[in-house]
Amino acid sequence: MTADLPGPGRPGPGPYLIGVDLGTGGPKVALTTVEGRVLGFEAEKVELLLTPGGGAEQDPDQWWSAIVTATRRLLARDLAPVAEVAAICVGAQWGGLVPVDATGRPLRNALIWMDSRGAAYSQEITGGPLAIPGAGYDARRLREWLRKTGGAPTRTGKDPVGQTHWLRHHEPDVYAASAYLLDVPEFLTMRLSGRAVAGTDTSTLRWCTDNRDPDRVRWDDGLAARTGIDVAKLPELVPPASVVGPLHPEAAAQLGLPTTVQVVTGTSDSIAAAIGAGAVGDYQGHLYIGTSAWLSCHVPFKRTDVLRNIASLPAAVPGRYWIATVQDVAGKAIDWLIDSVVYPDDGMLDAHPAPEDAVERLNALALTAPPGSNGVVFTPWLNGERTPVDDPFLRGGWFNVSLTTTRADLARSVFEGIALNVRWMKESVERFLGKDLPGGFSELAFVGGGARSDLWCQTLADVLGCTIHQVEDPILANARGAALAAAVGLGLISWEEIHGLVRTTGHFRPDPARRAVYDRQYRTFTRIYRRNRRVYALHNRPRRSR
């Protein structure tokens, strides 16, 4: 995928920056100015491997090959002098595990953020005789985690803790051969620089850092022992948005960049999105919808809500935390609808592959149904859920389908169901913030692939009851955020300048006439969860072999 973006002609003198956004679907590589103006970008796709029992893997070498291909294609367009590229930074999916040797070469496929095969081990680590009702965590074990690190391993196994234990138990030879157990941003930073380092922001999900002071985060031996992670296999901690060193000669040759390019510490997609949305000040909220979804803002305090799976974790912005939330499936539900329902490759209809404008066609179809989808409610829990309930057994589907239901109703209900799920998350975040944000979020900056859809922007405004600001080039927010972090790392701009550098192109305000219908849909949506969660658990919990 190649794109030129609107704006003046050839830019003035550099320096220029490269921001890399590695999502689950593949990388986007953007060339930007110091102020975050995107001159052009290239994208590639990568394969997602789903296996029985909750496995979700990707090939790290395929990540790198895709980044190399996109970067070389971008540089070949001669948008700016290659010699004036000053730095590169990655914002990537995180919450995964990449076992590597001492040179940074992967020893197997990566277990990514969706992988839940370590759930049984996570439940063993976090459980105990003083289990908290509704949460399952042992109160004594949980207290120490919360006091020092602000969270705890998820009991679903979908984090580096559960993944590490799965690897150690199921592939002990790979575990033993691993010099480092890296998260995804750390793997790419090592591939670029040759150094095994972790920003104090991306180190968090191992739940063995003491981050009570966000500017002095360190590995904690006691928490590591409790979590069952070998500190000797963890990377060195460095500040976020700091220079790691120059490009490794091998990486430079592959990418087509000079070795003078500086590598800035990789960060998570969540943090890169906040930066790319311009939401770096306290309580400036942003919403991301891509494969998954999250709603976040920066805050000056450390706090945790175990029951709703929300925590404030160390941010890239000095002295600040960011609200960590995630919903497993958002835009991925649109992909599922297109690939598995509308244009499936099953031989029944001559409708495969999906046309390139399939999403636009789906948007147009959905617009022909009325708000509320004639009463149809879609629950997007196609891979369980994280926030505001950490439940791997939830599943999605359509509710209230009748003989009069049309395909347009079904299509619109998917867009609306994702928005209803976001409202569930938004209300939980507002409860988490409490008196620190009186009245909740009155506006949100919207980024990610979902923000390209005016239908989605207006639906979110109506469902959430707040103004939605459509950020310019929303699909490039993560890459732009990574590039802006690189600019901060080089001392070319300050954190305080970022909000003013990011532009918005659309503003969507709630339509009061739609409030009643969406309130009704939302009440039904949450009741579906409350009244069926035990059924989902009984039906989807793995059965013990006799």
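I began with a definition: a residue is buried under 20% relative accessible area, exposed over 50%, and partly exposed in between, with a 1.4 Å probe and protein chains only. The model is predicted, so I noted that local features need pLDDT of at least 70, side-chain atom pairs count only at pLDDT 80 or more, and totals for chains, interfaces and linings use all residues. Residues are numbered from 1 along each chain as its sequence is written, and side-chain values use heavy atoms, leaving out hydrogens and water.

**Entry 1, Asp-473.** I looked up Asp-473 and found it partly exposed, because its relative accessible area is 21%. Asp-473 sits in the loop between strand E26 (467-471) and helix H14 (477-489), where helices (H or I, at least four residues) and strands (E, at least two) are DSSP runs numbered from the N terminus.

**Entry 2, a sheet.** I then traced an open sheet of 3 strands in the order E5-E6-E9, with antiparallel pairing; two strands pair if DSSP finds at least two bridges between them. E5 (49-51) and E9 (110-111) are the edge strands, each with a single partner, so one side of each has no neighbour in the sheet. E5 pairs with E6 (residues 55-58) over 3 bridges, and Leu-49 stands opposite Glu-57 in E6.

Last, I checked helix H1 (residues 60-75) and helix H6 (residues 184-193), whose axes come within 11 Å and cross at roughly 60°. The axes are lines fitted to C-alpha atoms, for helices over the stretch in contact, and angles run from 0 to 180 degrees between N-to-C directions. In contact (heavy atoms within 4.5 Å) are residues including Trp-63 of H1 and Phe-187 of H6.
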